[in-house]
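Subject: Structure handover

Hello,

Here is the structure I promised you. Please open it and keep it beside this email.

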Amino acid sequence: MDIVSLLIQTLNAVQYGLVLFLVASGLTLIFGIMRIINLAHGSFYMIGAYMAFGLSSGITETLPAMIAVGLILSFFIGFVLEWVFYAFLYQREHLEQVLLTYGLILVFEELRSILFGNDVLGVPVPEVFAGSIPLTDTLSYPVYRIFISVACLIMAGLLYYLIRHTRLGMMIRAGSHDRTMVQALGININLLFRIVFAIGFMLAAFSGMISAPMTSVSPGMGNQVLIISFVVVVIGGIGSVGGAMVAAMVIAFADVFGKVLVPAYAGMFVYLVMALVLLWRPEGIFRKG
Amino acid sequence: MARFFRTFPLIAALAVLLVFPMFGQIFYTELVAKTLILAIFAMSLDLLVGYTGLVSFGHAAYFGIAAYTVALLTPAGAVNSIWWILPVSVLAAALAALVIGVFVLRTKGIYFIMVTLAFAQMAFFLFHDTDLGGGSDGIFLNSKPTAHLFGHEILTFENPTHIYYLVLALTIFVYLSLRWLLKTSFGHILIGIRSNEHRMVAMGYNTFNYKLAIFTMAGGLAGLAGFLQVLLTGFVTPEMLAWHQSGNVLLVVILGGIGTLIGPVLGAFTFVALQEFAQGLVDRWQLVMGIFVILVVFALPGGLAAIPARVRRRLVKGAQHD
């Protein structure tokens with residue numbers, strides 16, 4: 001592999017890792033704080049992607065407006081979803097959570113099929129980022145991929161700021177540590193959960209939204225992302241956002257370079273990495289407590 | 001008398017199943033056979049989920065590995081006897097479970113769920129991405145196995161009714177054997193591990209060995225279901241190992257009620273019936289299925305097998321009020 005394609009693959013891996021991180025960070029927050037296994041998280045990603053399709057075909061043309069509308073909309077959907085379905089699950093066992101969220105996947109997939117059909121749909125790349133940067137005579141790198149990386153980094157930075165330096169973040173950190181104590185201190189834990197869930201939904205939907213122009217929008221896209229982000233969460237250590245970042249990069253590099261180096265076994269490669277990590281540290285790289 | 005009321009529905013159901021192929025169309029015979037295969041598959045998973053407290057999210061791997069073993073062991077033109085194909089495919093699945101079990105049983109809780117999934121995904125991509133078993137298209141079985149006994153062909157598997165009776169006999173056999181097994185001290189140790197593993201360790205049991213034994217056994221039984229599935233459909237695809245399959249069978253177990261043997265059977269019949277019914281009724285059967293599943297979680301903790309107990313409790317309560 002020469003230096004230019006190495007660079008391209010590295011950029012690809014970083015970009016993929018950042019998207020994975022955003023999806024997985026929501027998942028790990030929801031699990032770490034609310035103790036809920038959310039199988040429907042991949043559907044949130046899918047909803048985001050279809051939202052991008054819906055918004056780009058007619059409603060808003062400019063990218064910032066689209067992202068803003070998408071973020072607000074997804075926060076709202078997440079908030080309501082938690083209220084209607086997930087609030088019931090806190091006292092229930094993991095198995096029932098798996099069952100209910102599995103049911104939600106079926107419902108979301110079918111609603112998607114009713115609203116948008118089963119065809120693969122394309123979302124146009126915004127004109128500002130439509131070009132690509134030439135690297136050699138034959139190779140070039142699309143600007144939009146760089147935009148995705150930057151957008152994800154900004155989002156990750158905001159998330160970091162939120163968790164580390166705000167009052168809400170303090171409550172989130174405390175909540176993941178000791179739920180009962182937080183409640184005893186007079187914090188409205190129900191509202192906190194609802195907000196965390198909505199943030200998780202928003203992050204997943206945002207990833208789906210900005211990935212849509214690159215990956216196109218297709219049925220089953222949520223499931224693929226779901227399994228991989230579960231892998232990320234588990235490798236990183238459940239509840240650890242920092243761990244999710246490291247794990248997302250490990251998985252992204254394993255996947256991208258696996259596909260280049262051992263194409264026939266690339267699918268297995270990611271899971272092999274996961275199995276090895278978990279055999280080395282059965283509770284993830286950044287285990288807690 | 002109470003015993004009679006408990007066993008009577010079982011006997012009646014069995015009688016219906018025995019005469020069923022004589023009245024139903026071939027389509028329904030195959031459908032019920034498919035359901036019973038799912039029931040065996042679900043019972044095997046319930047050994048882990050319900051009895052030992054190990055939530056495996058990769059159980060389809062063993063189902064599929066046995067199925068691929070059948071397909072790979074029947075090259076074109078060869079005549080293969082069920083007497084060795086069946087044990088070999090079951091053993092292959094059990095062996096895979098033994099090897100994977102050594103690794104995954106080191107983890108617990110959600111990590112166990114995810115590692116079992118990871119190994120199943122590895123198996124899925126092994127068949128999906130390589131040419132080992134026809135890649136993503138899967139492969140057709142060249143010829144169905146034959147069943148000769150003392151020189152006579154006792155069952156022909158080109159005939160769905162024969163498969164049906166084989167499946168039914170094996171379902172009953174599996175049910176009764178597991179019922180016996182779970183009453184032995186081995187079964188009690190498993191239940192002990194589920195309720196409090198630390199205590200079992202403190203009592204001097206090497207729980208790892210017991211968990212590995214049941215994991216291997218469950219893998220083998222899932223393999224039996226996989227074998228029967230190929231026998232029925234005649235082809236194998238990587239989808240048989242996909243995580244949806246693991247999710248569906250877990251759904252069947254939870255739907256029916258974990259920690260019971262009849263639960264998975266009830267779950268299997270409900271699942272298939274619902275699927276067929278909703279498919280016939282509307283195009284959007286997944287929507288119906290999804291809503292049903294969500295309602296079950298809200299309204300029926302403990303699954304379908306818990307309904308009689310709930311009704312009884314309700315009745316007793318009602319009687320007390322009067």
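Predicted model: local features only at pLDDT ≥ 70, side-chain atom pairs only at ≥ 80, totals over all residues.

Residues are numbered from 1 along each chain as its sequence is written, with chains lettered from A and ligands numbered from 1 in the order written.

**Core**

The largest nonpolar core has 188 residues. (Such a core is a set of buried Ala, Val, Leu, Ile, Met, Phe, Trp, Tyr and Cys joined through C-beta atoms within 7 Å; buried means 20 or more other C-beta atoms within 10 Å.) A:Leu20, A:Val232 and A:Ile251 have the most contacts inside it.

**H9(A) and H11(A)**

Helices here are DSSP runs of H or I, at least four residues, numbered from the N terminus. H9 (residues 221–236) and H11 (residues 266–280) of chain A pack at about 20°, with axes 10 Å apart. (Axes are lines fitted to C-alpha atoms over the stretch in contact; angles run from 0 to 180 degrees between N-to-C directions.) That makes H9(A) roughly parallel to H11(A) (under 35 degrees; over 145 is roughly antiparallel). The contact residues (C-beta atoms within 7 Å) include A:Val231 of H9(A) and A:Met274 of H11(A).

**H11(A) and H5(B)**

The axes of H11(A) and H5 (residues 109–129) of chain B come within 8 Å and cross at roughly 155°. The two helices are therefore roughly antiparallel. Among the contact residues are A:Tyr271 of H11(A) and B:Phe119 of H5(B).

Best wishes

Note on methods: Buried ≥ 20, exposed ≤ 12 C-beta atoms within 10 Å, placed from the backbone. Parallel < 35°, antiparallel > 145°, perpendicular 65-115°, else oblique. Contact = placed C-beta atoms within 7 Å.
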